[in-house]
Amino acid sequence: MPVDFKNSETRENLMRAFAGESQARNRYTFAAEEARKQKLPVIEQLFTFTANQEKEHAQIFYNHLNALSGTTIHIDGGYPVDLYPDVSKLLRTAQHNEYEEHDPIYKAFGDKATEEGFPAVASSFYGIAAIEKTHGDRFGCFAELMENNALFSAGGQEAWLCLNCGHIHTGPLAPSVCPICHEEQGYFIRLSMIPLSL
């Protein structure tokens, strides 16, 4: 027998997820600012791109609470403090947090929603869990490139795209300055990674 939504654990899990996605969005905008300060626009855009998706996730979870408009839902929760000047550390902590949301958090929330009789909510938790896995993979990929000093260098020929003007350069290294728009190397990304980042 389904549980009354206003007395459900799913209701609280939705608010926890809304709060978690909202603060993740802010963490990523802060990380984007740090990347910008360090002249890494490609990483800035990665964090901003993901922050915008987190905002959409928050809205999806919040919209499931529409029937409870005008009420207050009290929750408790723990959220990470990820303030590092090291951009690769910011990427690794983001990767960890995304994987944690993927499994166990959203998987457990989806299972509880199923158990309580809220299949649409369960579908949102499971679907967003899969997206968080992709986010974690993407952050990890860029962290590995940074840790291996390979963000702007390749072992062989590579096509590099300037995120500012769209110029494509082929070579083992991204240009130190874009020959078209004159922006710094930090704007270049491997053309093969565009589906991963933008």
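Buried means under 20% relative accessible area. The model discussed here is predicted.

Q: Is R11 buried or exposed?
A: R11 sits in helix α1, which covers residues 9-37. Its relative accessible area is 15%. The cut-off for buried is under 20%. R11 is therefore buried.

Q: Which residue's backbone oxygen does the side chain of R11 reach?
A: Set aside neighbours within four places in sequence, and R11 is in contact with F5, K6, L65, L68 and I73. The R11 side chain also comes to 3.1 Å from a backbone oxygen. That oxygen belongs to K6.

Q: Which residue meets R11 in a salt bridge, side chain to side chain?
A: The N to O distance of this salt bridge is 3.4 Å. The partner is E12.

Q: How many residues apart in sequence are the parts that E9 and K112 tie together?
A: The side chains of E9 and K112 form a salt bridge at 3.8 Å, N to O. E9 lies in helix α1, and K112 lies in helix α3 (residues 87-116), so the pair ties together parts that are apart in sequence by 103 residues.

Q: In which helix do D137 and K133 both lie?
A: D137 and K133 form a salt bridge, with their closest N and O atoms 3.0 Å apart. They are four residues apart, about one turn of the helix. That helix, residues 119-147, is α4.

Methods
Residues are numbered from 1 along each chain as its sequence is written. This is a predicted model: local features need pLDDT of at least 70, side-chain atom pairs count only at pLDDT 80 or more; totals for chains, interfaces and linings use all residues. Side-chain values use heavy atoms; hydrogens and water are left out. Helices (H or I, at least four residues) and strands (E, at least two) are DSSP runs, numbered from the N terminus. Buried means under 20% relative accessible area, exposed over 50%, partly exposed in between (1.4 Å probe, protein chains only). A polar contact is a pair of N or O atoms within 3.5 Å; within protein, one must be able to donate a hydrogen and the other to accept it, and residues adjacent in sequence count only if both atoms are side-chain atoms. Contact means heavy atoms within 4.5 Å. A salt bridge is a side-chain nitrogen of Lys or Arg within 4 Å of a carboxyl oxygen of Asp or Glu.
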